[in-house]
Amino acid sequence: MLRPSSPRLLLLLPTVTYRTVAFVEAARRLGADLTVASERPSTFERANPTGLVTLDFADPTHAAAQAREFARAHPVHGVVAVDDDTGVVAAAIAEALGLRGNPVAAAAAARDKYQQRQLLATAGLAVPRFELFTIAADPEKVASGVSYPCVLKPLRLSASRGVIRADTPAEFVAAFERIKRILDQTGCARSILVEEFVPGREVAVEGLVTQGALQVLALFDKPDPLDGPFFEETIYVTPSRLARTVQQEIAACAQATVHALGLRDGPIHAEVRHNDRGAWLIELAARPIGGRCSGALRFESRGAAGQMWEASLEEIIIRHALGMALPTLERERRASGVMMIPVPGAGVLRDVRGVGAAQAVPLVEEVVITMHSGQPLVPWPEGSRYPGFIFARGGTSEAVEAALRAAHARLEFLTEPAD
Amino acid sequence: MSADVRITAEPIDNGRCKFLVSEPLHAGGVRRFASPDEARGSPLAEAIFAIPGADVSEVIVSGNLVTVAKRSPAPWPVVGKAVGQAIRAALAGGQPAVTSKPAAPAGRGSAADDALYERVADLFDSQVNPMVARHGGRVELIDVQDAVVMVRMAGGCQGCGMADVTLRQGIEAMLHQHVPEVKGIVDITDHTAGSNPYFAAAKK
């Protein structure tokens, strides 16, 4: 049983997240008194009212009021969010309860691609030309006024869902209509951000912000080109193979973005491109890396007595939120990578073969198939869900990348046409 | 046979990992081994406890699922390869991977576990299962060994994105309250096989 004096963590877990086990088990390891909040009630909520609560994730102000009421009886010492939407809710709760976190306006700006672009431009950062259109606009008219190539983006969808590149007016019109249909399905903000396509190598920055200062935890190369027309991600490998000076430019770009948005405390995940004109912020989210990808990160240090201290990304985030000591923010020495397994095509998944063979590839640590038989496979841009993940670790980033590709080549997805 | 054995590792955290095997290892219920002494006579458990540097503290074998707990900080990918080798070797060997549970000496272990089993089963029948049934779920009490409860989730709970919340914040919390003698709870569910989870993870 936990000591009564254990700090209470309020963990905001949407019911659709992949992150449940990683965060719940990390909180347990740290001895936190855990309260899990979701947008839909657990069937055990009445049986364990201090451990389970329902919050209105759709209305951060209301959720903060609910959290304040809860905290009157059960003081909360830290709040952690796992995705974009709960990031805003966590900020509202942190403000209401005086906890470590981001200002609500900053978290909201990080969630909204247009607000983010506006703030970066105002702060004088390099941003591609951008403009916002409602879906009621005439796409043919809009298409005649934009420069090409450009990228059309919904404002709030994650995982590059609905993001489409257009090189011609005809492609623009087709993309615009396609995104309208996606927005109709999702009920998201009915606007489309159109911005100049930024060529270059893309990397992902995983970081932790403390009182506005960004500590880069990992810089991931994305060795597969992300030139469109859709932007489904595949491989992340760290450490980056970019030149040290380029990495420093990228880190400075991410730090400047954190400052421009007004983010103060918590994890960030940023996509940055680099070309001969420098580093360009594509997007920064006030949350950690998504899906199962955090499994590619491990932090370790050796104490004075020789004992090994090891932590997951989730442990670091929880420690930070609760104000606990952070023994290290140094990533392990080995190279590490993850492949978000590409959707093999539209259909209904029936079976995945070759998992054992993929796992047998040297350096491959784990092959996780997260989709179940009978579930629909939806390619990008309509889709946003990968069928699984492959993890590898090794001496070099090159070796890790090669292992991920070799393992993927051994997988065979058996599908049936969707009805 | 063992050349085609497929093993999928599902780390729960750095201390505990499930290994799902494509072939059954033990058909006689659940076997839990909490020490190398207890593992004696069961080749699979013996081999796992003997993995150098892992400091294995517990091995649970049920059907085609092996759950391993360790104390060392060695990462699962390293330990997991050795566990995989042990599993393949056990399947290739001529004798059962694990033996059936021996009768406990009078007054030790088994009788206390039997009494706990009854109380936990009552709790599951009267409270836990009616609650998870609202989401189409079911939680099966598999065994109680050394005051550790082993459960398997089914229906809407199997593969549910919130299954660990149900386990830790729901079932475990109720056990602490109603059967405080219980020392722990282990989920031996193959969540990857869940075909109708109540909450399916949908974000990347």
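## Close-up views of a two-chain predicted model

**View 1. Helices H5 and H8 of chain A cross at roughly 105 degrees.** In this predicted model, the axes of helix H5 (residues 113–122) and helix H8 (residues 244–261) of chain A come within 9 Å. An angle from 65 to 115 degrees counts as roughly perpendicular, and H5(A) and H8(A) are therefore roughly perpendicular to each other. To find the meeting place, look for Gln116(A), Leu119(A) and Leu120(A) on H5(A), which touch Thr257(A), Ala260(A) and Leu261(A) on H8(A). Sorted by class, this contact has four nonpolar residues, two polar ones and no charged ones.

**View 2. Helices H3 and H4 of chain A pack at an angle of about 175 degrees.** Two packed helices are described by the angle between their axes and by the distance between those axes. Here helix H3 covers residues 84–97, helix H4 covers residues 104–111, and their axes are 8 Å apart. Angles over 145 degrees count as roughly antiparallel, which makes H3(A) roughly antiparallel to H4(A). From H3(A), the residues in the contact are Asp84(A), Asp85(A), Gly87(A), Val88(A), Ala91(A), Ala92(A) and Glu95(A). They meet Val104(A), Ala107(A), Ala108(A) and Arg111(A) of H4(A). Six of the contact residues are nonpolar, one is polar and four are charged.

**View 3. Chain A and chain B meet with 53 residues of chain A in contact with 45 residues of chain B.** About 4,000 Å² of area is buried between the two chains, and carbon and sulfur atoms give 55% of that area. In chain A, the residues that lose the most area to chain B are Thr43(A), Phe44(A) and His372(A), together 18% of what that side buries. Across the interface there are 10 residue pairs in polar contact, counting pairs with both residues at pLDDT 80 or more. Which elements of chain A give two or more residues to the side that touches chain B? They are H1, strand S2 (33–38), strand S15 (308–311), helix H10 (355–359) and strand S18 (364–369). H1(A) provides the largest share, six residues. By class, the chain A side divides into 24 nonpolar, 15 polar and 14 charged residues.

**View 4. Helix H1 of chain A crosses helix H5 of chain B at roughly 40 degrees.** The axes of H1(A), residues 20–29, and H5(B), residues 163–178, come within 8 Å. This angle makes H1(A) oblique to H5(B). On the chain A side, the contact is made by Thr20(A), Val21(A), Val24(A), Glu25(A) and Arg28(A). On the chain B side, Asp164(B), Val165(B), Arg168(B) and Glu172(B) take part. Look for Glu25(A) and Arg168(B), which form a salt bridge with their closest N and O atoms 3.0 Å apart. The count of salt bridges between chain A and chain B is two.

**View 5. Glu332 and Arg393 of chain A form a salt bridge.** Side chains of opposite charge can pair when their charged atoms come close. How far apart are the closest N and O atoms of Glu332(A) and Arg393(A)? The distance is 2.5 Å. This pair links distant parts of the chain, with the two residues 61 residues apart. Glu332(A) sits in the loop between helix H9 (313–322) and strand S16 (335–340), whereas Arg393(A) belongs to strand S20. Over all chains, the whole structure has 42 salt bridges.

**View 6. Loops of chain A hold Pro149(A), Pro381(A) and Gln211(A).** Most residues other than glycine have a negative phi, and most peptide bonds are trans. The bond from Tyr148(A) to Pro149(A) is cis, with omega near -5 degrees. You can find Pro149(A) in the loop between helix H6 (139–143) and strand S6 (150–154). The bond from Trp380(A) to Pro381(A) is also cis, with omega near 10 degrees. Pro381(A) lies in the loop between strand S19 (376–377) and strand S20 (388–394). Is phi of Gln211(A) positive or negative? Phi of Gln211(A) is positive, near 50 degrees. Gln211(A) is in the loop between strand S9 (201–210) and strand S10 (213–221).

Technical notes. Residues numbered from 1 in each chain as written. Chains lettered and ligands numbered in written order. Predicted model: local features only at pLDDT ≥ 70, side-chain atom pairs only at ≥ 80, totals over all residues. Heavy atoms only, no water. Axes fitted to C-alpha atoms, helices over the stretch in contact; angles between N-to-C directions. Helix = DSSP H or I, 4+ residues; strand = E, 2+ residues; numbered from the N terminus. Parallel < 35°, antiparallel > 145°, perpendicular 65-115°, else oblique. Contact = heavy atoms within 4.5 Å. Buried area = accessible area lost by both parts, 1.4 Å probe. Salt bridge = Lys/Arg side-chain N within 4 Å of Asp/Glu carboxyl O. Polar contact = N/O pair within 3.5 Å; in protein donor to acceptor, adjacent residues only side chain to side chain. Nonpolar A, V, L, I, M, F, W, Y, C, P; charged D, E, K, R; others polar.
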